[in-house]
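Hello,

I am handing this structure over to you. Please look through it first; my notes on what was found follow below.

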Amino acid sequence: MASAATSAGADPTDDPALLTAAATEAEAKLHQNFTNLQFEDFAPSPVHGPLFQASAGGRILYYAPESDHLLFATIYDKNGVNLTALSQDAAARAKLKTLDPSQALMIGPPGAPLVIEFTDPDCPYCRALDRFWAAKAAEGKPVRRQIYFVSGIHPEAASKAEHILCAKDREAAFRATYAGEPPKPLNRCADGAAQVQAYAQAVKSMGISGTPTLILDGQLISGFSQAEIEAWLAKQRPSAKPPT
């Protein structure tokens, strides 16, 4: 914000009159540039000084060192463009090269739209997402899932992931485990254990901290956000236009 206070080198927060003038100018600019929104009130923020961008767990955060505030926020420009999402997606695309598709568990028909999925066998939202994909496949809208297991959240996740990876029919073991029906004892094998460790490195390199996490054409989606997933699916298979 350029104002008389800032151009003079003064900090408007040090002087009530300057703060009032700066707030009046800022509010006028807000209404001018964001005409599609209605604002009920306007007041100074507790955040002071410049903001810096950081990422944690695949998510973009903002830090204000002057007031020592961490902001879990979404930043839009005056045209409604989500700048936070753009930064998050760019970071995800840059990190995709660290993933080895040959290590992933692949589920779904080749040639179907590709979903990169970070999942946990004991995550209830991951299980709900698995049911969602099954329902879409039943509708004739299957996807090809490139799956990496996250094993650092729930205590039995690593052993259940190993069980799936050691099974003769991995997809069947995946379905049974995500349905809550893994047999006892769980499968164990050296190759499966090594692959679970490889997944842990992939998860770390991607900065993934929550499940499910999806990457859809470079767009990172944290959690089972059905609306976002449906929107992506619609782009993969546009609805046929009615005859004219």
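Are helix 4 and helix 6 parallel, perpendicular or oblique to each other? They pack at an angle of about 125°, with their axes 10 Å apart, and are therefore oblique to each other. The axes are lines fitted to C-alpha atoms, for helices over the stretch in contact, and the angles run from 0 to 180 degrees between N-to-C directions. Angles under 35 degrees count as roughly parallel, over 145 as roughly antiparallel, 65 to 115 as roughly perpendicular, and the rest as oblique.

Before the rest, some notes on the source. This is a predicted model, in which local features need pLDDT of at least 70 and side-chain atom pairs count only at pLDDT 80 or more, while totals for chains, interfaces and linings use all residues. Residues are numbered from 1 along each chain as its sequence is written, and side-chain values use heavy atoms, with hydrogens and water left out.

Helices (H or I, at least four residues) and strands (E, at least two) are DSSP runs, numbered from the N terminus.

Helix 4 with helix 6

Helix 4 passes helix 6 (residues 170-178) in a left-handed crossing. A crossing is left-handed if the near helix is turned anticlockwise from the far one by less than a right angle, and right-handed if clockwise. Cys-126, Arg-127 and Asp-130 of helix 4 make the contact with Phe-174, Arg-175, Thr-177 and Tyr-178 of helix 6; contact means heavy atoms within 4.5 Å.

Helix 4 with helix 8

Helix 4 (residues 124-138) also packs with helix 8 (residues 226-236), at an angle of about 30° and with the axes 12 Å apart. These two helices are therefore roughly parallel to each other, and their crossing is right-handed. On the helix 4 side the contact has Leu-129, Phe-132, Trp-133 and Lys-136, which meet Gln-226, Ile-229, Glu-230 and Leu-233 in helix 8.

Asp-122 sits in the loop between strand 5 (114-119) and helix 4. Asp-122 counts as buried, at 19% relative accessibility; buried means under 20% relative accessible area, exposed over 50%, and partly exposed in between (1.4 Å probe, protein chains only). Its side chain makes a polar contact with the side chain of Arg-127 (3.4 Å). Such a contact is a pair of N or O atoms within 3.5 Å; within protein, one must be able to donate a hydrogen and the other to accept it, and residues adjacent in sequence count only if both atoms are side-chain atoms. Among the residues that Asp-122 touches are Ala-157 and Lys-160, both of which are buried in helix 5.

Helix 5 (residues 157-166) is mostly covered, with eight of its 10 residues buried. The cover includes strand 4 (105-107), helix 4, strand 6 (144-149), helix 6 and helix 7 (190-206).

Loops and backbone

The peptide bond from Thr-211 to Pro-212 is cis, with omega near -10°. Pro-212 is in the loop between helix 7 and strand 7 (213-216).

Asp-68 is not a glycine, yet has a positive phi of about 55°. Asp-68 lies in the loop between strand 2 (59-64) and strand 3 (69-71) and is exposed, with a relative accessible area of 56%. Asp-217, in the loop between strand 7 and strand 8 (219-222), has a positive phi near 55° and counts as exposed at 57% relative accessibility.

Regards

Terms used
Lists of a residue's contacts leave out its neighbours within four places in sequence.
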